[in-house]
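Colleague: I have some questions about how you label things in this model. Can we go through them one by one?

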Amino acid sequence: MPNLKYAMFLGCAIPYRVSSYELSARKIAAKLDIELVEMPDYNCCGLPLDPASHDVMLTLAARNLCQAEKLGLNIIALCPGCAGTLRKVNKLLKEDKHERERVNGFLKEAGLEFKGTIEVKHLMQVLAEDVGLQRIKETVKKPLSNLSVAEHMGCHIVRPQKLIGFDDPEDPEILKSLIEVTGARCLDYMDETECCGAPVAGINDRIPLALTRDKLSHMKAVNAQAVITVCPFCHMMFDTNQMRIERMFNETYGMPVLHYPQLLGLAMGFTPEELALKELRVDASKVVGLI
Amino acid sequence: MTAEKEESKTAEARPALKISEINLQFKNEVKKIPGGERMMLCFQCGTCTADCPIARFSETYRPRQLLRMAQLGLKDKVLSSDQLWLCAACYTCVDHCPQDVEISSVIRALKNIAVREGYMPSALKELGGAIMETGLAYKIPELRLKKRSEAGLPPLPKADVESIAKLINRTGFGKLLEKGGSS
């Protein structure tokens, strides 16, 4: 089994608004003997500034990679935006000598140098590739066999495919198998692989809400009892904004939105309190009642 | 931006292109930015637009049109377009483009040029300011930090903001941030 020790990259959105994700992720990580080492210094992954300046994005991402290189540890990230960005930039700088030299020219200003000695993975990729389904299965104490859920894995965990190289963006089987290992049924629904729209929320309110509502209606149509997300931004769209969507479109969903580690945590036998289920905006007691 | 405002823009008549509006060097400017290299290979099939989740819910956002405007050299028009900022960077178009154009990266390259030319949405400026000041994209309130420790979470690391600011300035973005945005 690979060494399950990682530098924990928390990013910005999770400590800012979605600590239930972090809390539950740390719980399941401990159960699976994943050792998380806090990074003493990190910054925004860079993705939010890519539209403003590609060079700033590259440099901010590379600075984080350098910090993890100093620790001698591979990075684990909970946010697919962070994981995707750091993974892409790591690959780019390892493979493209010209870009590496250019970015190292920037990094020199802060006394840093990208060496290309580590890897970056999202939590789900660590679970699928480093921990393995079999090991996860062994920790499931209370299979969630009464539960049928819809997955919304988001975009950056799998796209762009040639740079991320994890699972199939058109049919994310690995991500679904991680849900099914908890005993829950993972339903197919229309436009399952579509974006939630969160990245344009600062520019246009209406489009992301309409997009998320569309997905919620497709999940409801197949009688999903909960949505499972692995991204703080997707979670905000489905959970935090759900009541707003209900008001805006005069519809009722009441669809609980769980972070994947909360789902797995329940199957491992953690209590709803330990997994911070009460921090969710949409009441998840229906889900708990089915266990 | 409201839906009504977006729609009124569609209603605008589309006059013929004037040769004076065309900047023949613009394509080279875009191609210089990583991700923009293959822009001229777009043959306007429209796959990006057909598969774009944002386009499905917008009356006006059409990535294919943005690409065409950029190819033609309609620099001012494309850089000042509100549509530019509606790309969610979900990368569906990147995965689906038969010409391997990386549509979303071309749009990002266009945004980068727009920012250099003084068009920076206020949301982006705020993010940049927060990163410059704290290292993170959001200023995390004290209350949150207190809650973290109450919940048993490890303290949030303090980033070396001085070194981060140095790097941001070194890339030239610090100056753009000072200049400020247009909207």
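Colleague: Where is Asp33(A) found?

Modeller: This is a predicted model, to begin with. Asp33(A) sits in the loop between α2 (19-31) and β2 (35-38) of chain A. Its phi is positive, about 60°, although Asp33(A) is not a glycine.

Colleague: Why does Asp33(A) count as exposed?

Modeller: Count the C-beta neighbours inside 10 Å: Asp33(A) has 12. The cut-off for exposed is 12 or fewer. Therefore Asp33(A) is exposed.

Colleague: And Ala89(B), buried or exposed?

Modeller: Ala89(B) has 24 C-beta neighbours inside 10 Å. Buried needs 20 or more, so Ala89(B) is buried. This residue lies in the loop between α6 (75-79) and α7 (92-96) of chain B. Ala89(B) also has a positive phi, about 55°, and is not a glycine.

Colleague: Now the sheet in chain A. What is the order of its four strands?

Modeller: The order is β2-β1-β3-β4, with parallel pairing, and the sheet is open.

Colleague: What makes β2 and β4 of chain A edge strands?

Modeller: Each of them pairs on one side only. From one strand to the next, the twist averages 40°.

Colleague: How do you know that β1 and β3 of chain A pair?

Modeller: Pairing takes at least two bridges. Strands β1 (residues 5-9) and β3 (residues 74-77) of chain A are joined by four, so they pair.

Terms used:
Residues are numbered from 1 along each chain as its sequence is written. Chains are lettered from A and ligands numbered from 1 in the order in which they are written. This is a predicted model: local features need pLDDT of at least 70, side-chain atom pairs count only at pLDDT 80 or more; totals for chains, interfaces and linings use all residues. Helices (H or I, at least four residues) and strands (E, at least two) are DSSP runs, numbered from the N terminus. Axes are lines fitted to C-alpha atoms, for helices over the stretch in contact, and angles run from 0 to 180 degrees between N-to-C directions.
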